[in-house]
Amino acid sequence: ALASVLSVAAFDFFFIPPHLTFAVADSQYLLTFAVMLLVALLISTLASRARAQADAVRQRERRTSSLYAMSRDLGAAQNVDDVGMISAKHVEEVTSAQVFVLSTGLSGHLREVGSRVQARPLNDRDEAVARWVFENRRPAGLGTDTLPAASALFLPLAGSDQSLGVLGVRPASGRPFTPDQMQLLDAFASLAAAALDRVRLLGQAQRAQVEVETERLRNSLLSSVSHDLRTPLTSITGAASSLLQAPGNLDDASRRDLLETIHEEAFRLNRLVANLLDMTRLESGALKVRRTPSRAKAR
């Protein structure tokens with residue numbers, strides 16, 4: 001608009017008589033000035049709008065590219081730490097802010113996941129805000145209506161049936177994020193939550209597979225043990241029956257052989273039962289393996 005006004009003024013000053021003045025000798029030039037100004041303003045408005053649309057398209061393209069890159073990298077994540085490191089990396093590249101991903105461990109307490117070292121750790125107030133976001137599954141912190149005194153923005157990482165963690169973003173300028181940036185951060189949080197949910201379900205599937213294999217092994221062991229137990233019991237029962245049914249018809253050598261058979265099979269049966277008890281103690285965790293370093297001498 002300024003360039004349009006200056007152009008009309010320069011045309012009047014240099015080319016309209018009387019020259020080098022802003023006076024107009026012919027009133028018809030006033031209509032010319034008005035048309036020129038109107039056309040210039042219209043063209044500048046259209047050019048500005050086209051440039052704004054081009055900038056918006058480029059910005060959407062960058063966002064789409066960053067979301068695709070993050071989704072591709074998260075697809076290869078195998079554990080919670082991988083998800084935290086990948087998410088923090090991509091969010092930092094787009095926002096130039098300090099990012100941290102919090103998730104719960106076996107203790108149920110929020111902890112930072114991933115190996116990225118943060119320059120400014122969370123203070124007690126930020127930790128309280130993160131805990132509130134985790135429990136209520138709603139964003140809070142900087143730039144929101146809930147607990148805005150926090151130094152960072154916290155977004156929930158909600159899975160299909162439970163809360164999985166919190167995404168924290170602390171801007172370097174300390175100012176709240178714009179609505180467009182908030183929308184992009186929500187998309188990043190959704191991708192991170194989906195990855196955490198996939199890792200959790202993958203872990204459950206692996207544990208279920210281990211339980212199935214353990215049950216199958218237990219059944220095989222029981223089948224084998226039942227056969228091993230039946231063999232000495234059969235021998236003991238047969239030898240004892242022979243001794244009871246014909247005590248007078250057996251000579252000393254036969255009676256001794258039967259008694260030795262009973263003794264050997266009873267000893268074998270006792271060894272099997274002892275092994276079963278040891279296996280039970282190992283499974284229950286009553287026995288702990290004590291590992292010590294050992295250096296073998298090369299020959």
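A residue counts as exposed when its relative accessible area is over 50%, as buried when that area is under 20%, and as partly exposed in between. Keep that in mind while we walk through this structure, which is a predicted model.

Let's start with S96. Is S96 buried or exposed? Its relative accessible area is 56%, so S96 is exposed. You'll find S96 in the loop between helix 3 (80–95) and strand 1 (98–104). S96 isn't a glycine, yet its phi is positive, at about 55°.

R137 also has a positive phi of about 55° without being a glycine. Look for R137 in the loop between helix 4 (124–136) and strand 3 (140–141). With 38% relative accessibility, R137 counts as partly exposed.

Now for some helix packing. Two packed helices are described by the angle between their axes and the distance between those axes. Here is how that works out for two pairs:

| Helix pair | Angle between axes | Distance between axes |
|---|---|---|
| Helix 1 and helix 2 | about 150° | 9 Å |
| Helix 5 and helix 6 | about 155° | 9 Å |

Take helix 1 and helix 2, which pack at about 150°. Because angles over 145 degrees count as roughly antiparallel, helix 1 is roughly antiparallel to helix 2. Their crossing is right-handed. On the helix 1 side, S4, V5, V8, F11 and D12 take part, and they meet F33, M36, L37, A40, L41 and S44 in helix 2. Sorted by class, the residues of this contact are eight nonpolar, two polar and one charged.

The loop between helix 1 and helix 2 holds P18. Check the peptide bond from P17 to P18: that bond is cis, with omega near -5°.

**Aromatic pairs**

How many aromatic pairs does a search of the whole structure find? There are four. One of them joins F11 and F33 edge-to-face, with 6.1 Å centre to centre and 85° between the planes. This pair links distant parts of the chain, since F11 sits in helix 1 (residues 2–15) and F33 in helix 2 (residues 28–74), 22 residues apart. F11 is partly exposed, at 26% relative accessibility, while F33 has a relative accessible area of 9% and is therefore buried. F11 and F33 also belong to one aromatic cluster together with F15.

**Helix 5 against helix 6**

Back to the other helix pair in the table. Helix 5 covers residues 179–245 and helix 6 covers residues 252–284. At about 155°, helix 5 is roughly antiparallel to helix 6. This time the crossing is left-handed. The contact of helix 5 with helix 6 has 18 nonpolar, four polar and six charged residues.

**Two serines to look up**

S66 is in helix 2. At 14% relative accessibility, S66 counts as buried. Which residues does S66 contact, leaving aside its neighbours within four places in sequence? They are H90, V94 and F188.

S160 lies in the loop between strand 4 (153–158) and strand 5 (163–170). Its relative accessibility is 60%, so S160 counts as exposed. Setting aside neighbours within four places in sequence, S160 is in contact with D197 and R200. S160 and D197 are 37 residues apart along the chain, and their C-alpha atoms are separated by 7.2 Å.

Methods
Residues are numbered from 1 along each chain as its sequence is written. This is a predicted model: local features need pLDDT of at least 70, side-chain atom pairs count only at pLDDT 80 or more; totals for chains, interfaces and linings use all residues. Side-chain values use heavy atoms; hydrogens and water are left out. Axes are lines fitted to C-alpha atoms, for helices over the stretch in contact, and angles run from 0 to 180 degrees between N-to-C directions. Helices (H or I, at least four residues) and strands (E, at least two) are DSSP runs, numbered from the N terminus. Angles under 35 degrees count as roughly parallel, over 145 as roughly antiparallel, 65 to 115 as roughly perpendicular and the rest as oblique. A crossing is left-handed if the near helix is turned anticlockwise from the far one by less than a right angle, and right-handed if clockwise. Ala, Val, Leu, Ile, Met, Phe, Trp, Tyr, Cys and Pro count as nonpolar, Asp, Glu, Lys and Arg as charged, and the others, Gly among them, as polar. Rings of Phe, Tyr and Trp (its six-membered ring) pair if their centres lie within 6.5 Å; planes under 30 degrees apart count as stacked, over 60 as edge-to-face and the rest as tilted. Buried means under 20% relative accessible area, exposed over 50%, partly exposed in between (1.4 Å probe, protein chains only). Contact means heavy atoms within 4.5 Å.
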